[in-house]
Amino acid sequence: MKAEIFLPDDYRPAETEPFMNDRQLEYFRRKLINWKQELMSQSAETIEGLQESGRNVPDIADRASEETDRALELRTRDRQRKLVSKIDAALRRIENGEYGYCEVSGEPISLKRLDARPIATMTLEAQEKHERREKVHRDE
């Protein structure tokens, strides 16, 4: 088992450090874990809210509004469920030593991009190219 890495509260990965050193990996690992815990907590609140709101609303307009709200909430939670699986995949990449490198080019993903989107699997350039290709195929 690895020794715990000390990380000051104000630590931010810097371009001047070796890429994906132990401190950077620990920073992103903690960021991903905190994000996942936040999503899981919100999910639990949604389940509680849905169980409580199972009441019968006599007014048809109120019932329709409540159903719309519930559907929107469930769609949001479904997106978050998919996000949790991406977070888990990013945590596995940290464990495997693959985190921070583009799955297409093998190039390092910029620290700014990873800080903004810690589940990123491609450099910005590779992602843009991928999205352009996707758009072309979708338009056909």
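Why are E26 and R30 separated by about one helical turn? The two residues are four residues apart in helix α1, which covers residues 22-52, and therefore about one helical turn lies between them. Helices here are DSSP runs of H or I with at least four residues, strands are runs of E with at least two, and both are numbered from the N terminus.

This is a predicted model, in which local features need pLDDT of at least 70 and side-chain atom pairs count only at pLDDT 80 or more, while totals for chains, interfaces and linings use all residues. Residues are numbered from 1 along each chain as its sequence is written, and side-chain values use heavy atoms, with hydrogens and water left out.

**Salt bridges**

The side chains of E26 and R30 form a salt bridge, a term that stands for a side-chain nitrogen of Lys or Arg within 4 Å of a carboxyl oxygen of Asp or Glu. A search of the whole structure finds seven such bridges, and three of them are set out here.

| Salt bridge | N to O distance |
|---|---|
| E26 and R30 | 2.7 Å |
| K31 and D115 | 2.7 Å |
| D88 and K36 | 2.7 Å |

To describe how far these residues are covered, the relative accessible area is used, with buried meaning under 20%, exposed over 50%, and partly exposed in between (1.4 Å probe, protein chains only).

The salt bridge between K31 and D115 links distant parts of the chain, since K31 sits in helix α1 and D115 in helix α3 (residues 111-116), 84 residues apart. Both partners are partly exposed, K31 with 27% and D115 with 25%.

In the salt bridge between D88 and K36, D88 belongs to helix α2 (residues 60-96) and K36 to helix α1, so the pair ties together parts that are 52 residues apart in sequence. D88 is partly exposed at 22%, and K36 is partly exposed at 25%. Salt bridges with shared partners also join E26, R29 and R30 into one network.

**The second largest pocket**

A pocket is found on a 1 Å grid over the protein atoms alone, as an open set of points where a 1.4 Å probe fits, with protein on both sides within 12 Å along at least five of seven lines, and its lining residues have an atom within 4 Å of a point. The second largest pocket has a volume of about 170 Å³, where the volume is the space filled by probe spheres set on the points, and grid points are joined across faces, edges and corners. Among the residues that line this pocket are K86, R113, I119 and Q127, and α2 gives the most to the lining, with three residues.

**Two single residues**

S105 is found in the loop between α2 and α3, and at 42% relative accessibility this residue counts as partly exposed. The side chain of S105 reaches the backbone nitrogen of E107 at 3.2 Å. Although S105 and T123 are 18 residues apart along the chain, their C-alpha atoms are separated by 8.1 Å.

M20 lies in the segment before α1 and is buried, with a relative accessible area of 10%. Most residues other than glycine have a negative phi. M20, however, has a positive phi of about 55° although it is not a glycine.

Methods
A polar contact is a pair of N or O atoms within 3.5 Å; within protein, one must be able to donate a hydrogen and the other to accept it, and residues adjacent in sequence count only if both atoms are side-chain atoms.
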